[in-house]
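Here is a short report on one strand, its partners and a nearby loop residue. Keep the structure open as you read.

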Amino acid sequence: MPTVKIPPVLRAHTDGTSEVETAATTVGEALRELATAHPATQDQLFAADGELNRYVNVYRNAEDVRVLDGLETALAAADIVVILPAMAGG
């Protein structure tokens, strides 16, 4: 099953869970499943239009899904999805 890695900044909203396995077949399904199970992550992951929030980067096996098929990027059993919120600072 694919695995979704949850960054430390979101773990407060996932009861401390650092990763979850999913039966999802796309990145979007996996992230929506996570948001359904942990509603506080919804606004962190998704913009109002349902697309990825522009301040979050998502990778499938080290490849940015935005350069693949976005939320429609297919998942295979051994895939790892990494959520990486963008950092800002000065």
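Which residues of strand S3 lie on the covered face, and which on the uncovered one? Val56, Val58 and Arg60 form the covered face of S3 (residues 56-60). Asn57 and Tyr59 form the uncovered face. In a regular strand, side chains alternate between the two faces of the sheet. Strands here are DSSP runs of E, at least two residues, and helices are runs of H or I, at least four residues; both are numbered from the N terminus.

This is a predicted model: local features need pLDDT of at least 70, side-chain atom pairs count only at pLDDT 80 or more, and totals for chains, interfaces and linings use all residues. Residues are numbered from 1 along each chain as its sequence is written, and side-chain values use heavy atoms, with hydrogens and water left out.

## Strand partners

S3 pairs with strand S5 (residues 80-85) in the antiparallel sense, over 5 bridges. Pairing requires at least two DSSP bridges between the strands. Pro85 in S5 stands opposite Val56.

S3 also pairs with strand S4 (residues 63-64), antiparallel, over 2 bridges. Arg60 has Glu63 of S4 as its bridge partner. S3 and S4 make a hairpin with 2 residues between them. In that turn, Asn61 has a positive phi of about 50 degrees.

## Asn53 in the loop

Asn53 sits in the loop between helix H3 (42-45) and S3. Asn53 counts as buried because its relative accessibility is 16%; buried means under 20% relative accessible area, with a 1.4 Å probe and protein chains only.

The Asn53 side chain reaches the backbone nitrogen of Tyr55 at 2.9 Å. Leaving aside neighbours within four places in sequence, Asn53 is in contact (heavy atoms within 4.5 Å) with Asp43, Gln44, Leu45, Phe46, Ala47 and Arg66.

Key: Buried < 20%, exposed > 50% of the residue type's maximum accessible area, 1.4 Å probe, protein only. Polar contact = N/O pair within 3.5 Å; in protein donor to acceptor, adjacent residues only side chain to side chain.
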